[in-house]
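Please have the sequence and the structure open while reading.

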Amino acid sequence: MTQAKHWQPRRWIALAVLCSVALFLAASALGGLWSLAELFMLDETEEQVPGEERMAVDGGAAVEEGVTHALLINGGSRPSANYQSHLHHLEDMLRLLLDRGVPQERIHIFSADGADEAPDLAVRDAQPEAFWLVDGTRAGKALKPRTELIDTRWPGVDLHPATKEALQSWFGDSEDLASGDRLLVFVTDHGTENRQQPDNGAISLWREELTVRELQGLLSWLRQGVQTVMVMSQCYSGTFAAAIYGDVGEPSGSACGFFSTTRDRRAYGCYPEGRDRDRIGHAFRFVDALGRRPSTDEAHLDVLLTDSTPDVPVR
């Protein structure tokens, strides 16, 4: 009994020390990552005071705060696979960013073949609500909406081709991004699994692919101090979590990400009907959540609760 009385306080003290150390290590590991908790709120302030230089006080000295830039990507792969839902994801994200005060000149959109007038988009009318009654019958086959290939038309928006050459050109001319700026990389696309190298999968560009390592290479062209946040909705998107790590296997502190699923699972949400179908899928849910939540971190938690698809969102 005497030993138990002496051992009990020691055990609790040791447990408290271990918990403190664990909390410290966890905080240190997460210190290099961040959510977009202030990303859109800062730009809302910028919209209210146009042209005014925003400054923050740090230790008595005025330090210029960064601004938000956005890179929206839909590779599409080829016309028959470039579904209308991808275009609607881009439209919804653009609308959200503008509503949050991010100027359109800092939002750059790379989609399919860009401004080329050749057909590059697969569209289809949504099925009538009671179509299941005739689906599979001869009448149903005759009445079933057909997929059509059309040219992407987006008035008032500059569309760049989603190619390696175009992306390399954009990153090579990214002097406008200064230290302290934030870059949102939003991807709605098809993804490719790499079973030999699970951390080096790919997203579809227009008739080509971009791997994790190639994206890492492009991000390395950014000026030191630029913070990158990836929101990616495509099959096997979790493979791009590897892009946040540096050469030593630790998070670089310059990038973080939110992904529709793990590196070995398909994702849901690609279809020719677009938002007219059901607005289901990670991209639709994430943009919708960002419209109601102040940060990507909170939007991610919202998606975990509201997404009814088989997706497994990770961060």
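**Briefing: strands, rings and cysteines**

Phe-258 and Phe-286 are both buried; buried means under 20% relative accessible area, exposed over 50%, and partly exposed in between, with a 1.4 Å probe and protein chains only. The model is predicted: local features need pLDDT of at least 70, side-chain atom pairs count only at pLDDT 80 or more, and totals for chains, interfaces and linings use all residues. Residues are numbered from 1 along each chain as its sequence is written, and side-chain values use heavy atoms, with hydrogens and water left out.

Helices (H or I, at least four residues) and strands (E, at least two) are DSSP runs, numbered from the N terminus.

**Aromatic pairs**

- The structure holds two aromatic pairs; rings of Phe, Tyr and Trp (its six-membered ring) pair if their centres lie within 6.5 Å, and planes under 30 degrees apart count as stacked, over 60 as edge-to-face and the rest as tilted.
- One of them is edge-to-face and joins Trp-170 to Phe-171, at 4.9 Å centre to centre with 85° between the planes.
- Trp-170 counts as buried at 12% relative accessibility, and Phe-171 is buried with a relative accessible area of 2%.
- Phe-258 and Phe-286 form a tilted pair, 5.9 Å centre to centre and with 55° between the planes.
- This pair links distant parts of the chain, with Phe-258 in strand β13 (residues 255-259) and Phe-286 in helix α7 (residues 282-290), 28 residues apart.

**Helix α7**

- Helix α7 is mostly covered, since eight of its nine residues are buried.
- The buried residues of α7 are His-282, Ala-283, Phe-284, Arg-285, Phe-286, Val-287, Ala-289 and Leu-290.

- Strand β8 (residues 182-188) is mostly covered: seven of its seven residues are buried.
- Strands β3 (residues 68-74) and β8 run parallel and are joined by six bridges; two strands pair if DSSP finds at least two bridges between them.
- Leu-71 stands opposite Val-185 of β8.
- Strand β12 (residues 227-233) also runs parallel to β8, with seven bridges between them.
- Val-229 in β12 is the bridge partner of Leu-184.

**The three-stranded sheet**

- Strands of a sheet pair through backbone hydrogen bonds, either parallel or antiparallel.
- An open sheet of three strands has the order β9-β10-β11, and its pairing is antiparallel.
- Strands β9 (191-192) and β11 (209-211) stand at the edges with a single partner strand each, so one side of each is left without a neighbour in the sheet.
- Two bridges join β9 to the antiparallel strand β10 (residues 202-204).
- Thr-192 has Ala-202 in β10 as its bridge partner.

**Cysteines**

- How many disulfides are there by this rule? The count comes to zero, where a disulfide is a pair of cysteine sulfur atoms within 2.5 Å.
- Cys-235 is in no disulfide, and the nearest cysteine sulfur, that of Cys-270, is 6.2 Å away.
- For Cys-270, the closest cysteine sulfur is that of Cys-235, and the 6.2 Å between them is too far for a bond.
- Cys-235 counts as buried at 14% relative accessibility, whereas Cys-270 counts as partly exposed at 31%.
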